[in-house]
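Open the model in your viewer and keep the selection tool at hand. The stops below take one place at a time.

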Amino acid sequence: MFALLLLVAYLLPFHVHPFRSYYNDALPILGVLLLAFFLGLKKQWRFVSLSLVPLGMVAWIVLQTVLIPHQDFYDLLFPCTYIALAALAMVLGASLTESDQQRDQFTLTIASVFFIAGVVSVLAQFFQVLDFNVSPYVMYMVHSDSIGRPYANIAQPNQLALILSFALAATYFLHQQNLLERVASIIAIGLLLIGIVLTQSRIGWIIVPAFSVFLWRRSTNEQNIPRLFLLLVPALYFALVFLLPYIVGLFGQTGGSLVEHIGGRSERSVLWKQAWHMAASHPWLGVGWFGFGSEQVKIAADFSSSTYAEHAHNIVLNLAAEIGWPITICLSLGFVWWFWQTCIRHKQSLSTRFAALCLIAATVHSMVEFPLWYAYILLPVAVLMGILHQQRWPAVVTVVSPRLVIPVVLGSVLVMNLMTWDYQRVVAGFNVLRYQKEITEEGKKALVKPAYTFYPEFFDYFRLMQIQPYEGMSARDIAYVEKWTLRFGFVHILNKLAEIYVLNGEPKKAVRMMQTLQRLHPYDYPEYFDYWKAKGVIDPRYQAVVAHIPPRDAP
């Protein structure tokens with residue numbers, strides 16, 4: 001059941017705004033709870049010390065709500081839940097792999113999921129590239145003259161590239177277990193490499209060679225992999241990267257070349273500078289968990305153009321910005337030491353090497369994205385970490401009564417159902433704003449914050465969207481818009497606050513807010529510049545601001 005739910009999470013084609021990965025995450029969470037239910041009946045738990053790390057992070061995040069005044073508890077609900085589930089997944093991985101045989105069987109389960117998900121996803125990419133509409137089974141990708149970046153049902157090409165990298169690791173493991181013959185393995189590797197190239201994700205540039213480097217040192221219990229083959233795999237990958245524009249040209253389309261990828265505008269470099277600035281300004285406590293986006297809105301006007309983001313797109317800098325340097329340094333160095341002890345120095349079993357490859361891929365991706373913020377990545381990785389830790393430092397068996405475990409698990413499933421029901425209310429509210437030009441009475445009811453909800457911030461967003469700028473706004477209403485503009489730094493929200501400032505005698509704040517808008521949404525800025533210029537023709541207050549904001553074609 002765990003494997004099936006994890007597989008469906010990777011292949012599910014439905015992504016509903018605002019948490020587009022909500023159901024993709026809910027399925028592996030349910031799978032972990034089912035594992036906990038099974039282990040509760042078995043009674044024998046192994047509480048590996050590694051699980052104390054995520055639990056310590058939860059404690060620190062909760063402490064930050066006391067030490068940092070602006071921290072809101074509802075923004076911490078999901079991260080604390082996910083991190084606590086990661087601790088549970090580590091315990092489950094350790095507890096369900098008491099023997100070498102159990103470890104290999106559990107690893108085989110996860111590897112099989114990755115392999116099937118990877119192969120099916122590449123086939124889905126082919127449907128998208130060739131403009132075959134097989135929805136709802138495969139997400140339809142709108143076509144243009146450019147090939148785009150086919151994302152299968154993951155709906156995000158960089159995330160898909162990581163899943164395909166996991167599938168590469170799984171191909172190695174399945175071949176070593178004699179479940180894939182040599183020819184089938186070579187075909188699968190070629191197919192997966194094509195899929196990674198089609199995503200046009202740059203993480204493959206590091207992950208594919210890193211796999212060959214890691215496997216270069218042979219293990220005593222693995223089938224011999226010719227080192228020439230380990231050289232040919234990255235060579236084939238880079239050849240495909242170079243040839244992609246010419247291949248898609250045969251279909252009358254254009255594709256991004258390697259030179260364009262290297263020479264393009266780097267939004268991440270600015271995000272990293274912003275994260276470094278946050279960490280330098282708040283070195284001990286950080287700005288608070290999930291505080292990167294809000295802090296970015298505050299400081300973006302002082303940096304060059306990038307993009308609005310809720311994460312720094314680099315796990316080390318993001319942690320430094322949000323929880324401070326001391327804990328970040330301890331976590332980073334601790335992980336490096338732990339990986340060395342479990343995956344390099346300790347005996348190289350086949351399951352160890354597979355898990356190590358997956359960790360390498362997830363770590364590389366975490367340097368430029370935030371994959372571990374998704375449960376369908378975090379939880380299987382945490383399970384593998386629990387298996388590795390148990391293999392290196394076996395934990396003793398602890399007997400826990402089912403009378404304690406079963407009610408907690410069933411209660412968690414009940415809460416999941418309540419959260420999903422509540423999430424549908426949020427979706428209904430967004431649909432009202434999106435599709436109803438004139439909001440009906442029934443629609444207005446959907447936008448009102450319920451007395452009890454897991455997602456109060458979104459209902460405050462609904463209220464924010466209904467506020468129109470006008471002269472003479474109260475200080476209380478302006479403060480409300482200011483607060484939620486930091487939380488939702490979307491382009492229309494930034495523009496709304498700038499208009500509120502200009503209409504209420506705060507032209508300097510309006511100028512800075514428009515500078516912020518240009519820095520965080522440079523591609524949308526020309527439209528808003530034209531809007532302000534048109535307003536300036538009939539209102540000199542707007543014209544005074546236009547004279548000091550970035551030009552229409554600002555980079």
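Select α2 (22-42), α4 (77-95) and α17 (402-435): each of these helices supplies at least two residues of the lining of the second largest pocket. The model is a predicted one. To find the middle of the pocket, pick Leu33, Ala84, Leu85, Leu88 and Ser412, which lie nearest its centre among the 30 lining residues. The space in this second largest pocket comes to about 770 Å³. Colour the lining by class and you will find 25 nonpolar, four polar and one charged residues.

Val8 belongs to helix α1 (residues 2-11). With a relative accessible area of 32%, Val8 is partly exposed.

The tour now turns to salt bridges, of which the structure holds 14. Start with Arg353, in helix α15 (residues 350-366). Which residue meets the side chain of Arg353 in a salt bridge? The partner is Glu222, at 3.3 Å from N to O. Glu222 sits in the loop between α8 (204-216) and α9 (227-249) and Arg353 in helix α15, so the pair ties together parts 131 residues apart in sequence. Are these two side chains in buried or exposed residues? Glu222 is buried, at 12% relative accessible area, and Arg353 is buried too, at 0%.

Move on to Asp302 and Arg512, a salt bridge whose closest N and O atoms are 3.0 Å apart. Asp302 lies in the loop between α12 (292-299) and α13 (315-323), and Arg512 in helix α22 (residues 507-520), so this pair ties together parts 210 residues apart in sequence. Asp302 is exposed, with a relative accessible area of 55%, whereas Arg512 is partly exposed at 32%.

Then select Glu471 and Arg541, whose side chains meet in a salt bridge of 3.5 Å, N to O. The loop between α19 (456-466) and α20 (475-487) holds Glu471 and helix α24 (residues 540-546) holds Arg541, so the pair ties together parts 70 residues apart in sequence. Glu471 is exposed, at 56% relative accessible area; Arg541 is partly exposed, at 31%.

For the last stop, select Asp75, Glu310 and Arg487, which are linked in a network of salt bridges.

Definitions and conventions. Residues numbered from 1 in each chain as written. Predicted model: local features only at pLDDT ≥ 70, side-chain atom pairs only at ≥ 80, totals over all residues. Heavy atoms only, no water. 1 Å grid on protein atoms, 1.4 Å probe; cavity = no way out; pocket = protein on both sides within 12 Å on 5 of 7 lines; lining within 4 Å. Points joined across faces, edges and corners; volume = space filled by probe spheres on them. Helix = DSSP H or I, 4+ residues; strand = E, 2+ residues; numbered from the N terminus. Nonpolar A, V, L, I, M, F, W, Y, C, P; charged D, E, K, R; others polar. Buried < 20%, exposed > 50% of the residue type's maximum accessible area, 1.4 Å probe, protein only. Salt bridge = Lys/Arg side-chain N within 4 Å of Asp/Glu carboxyl O.
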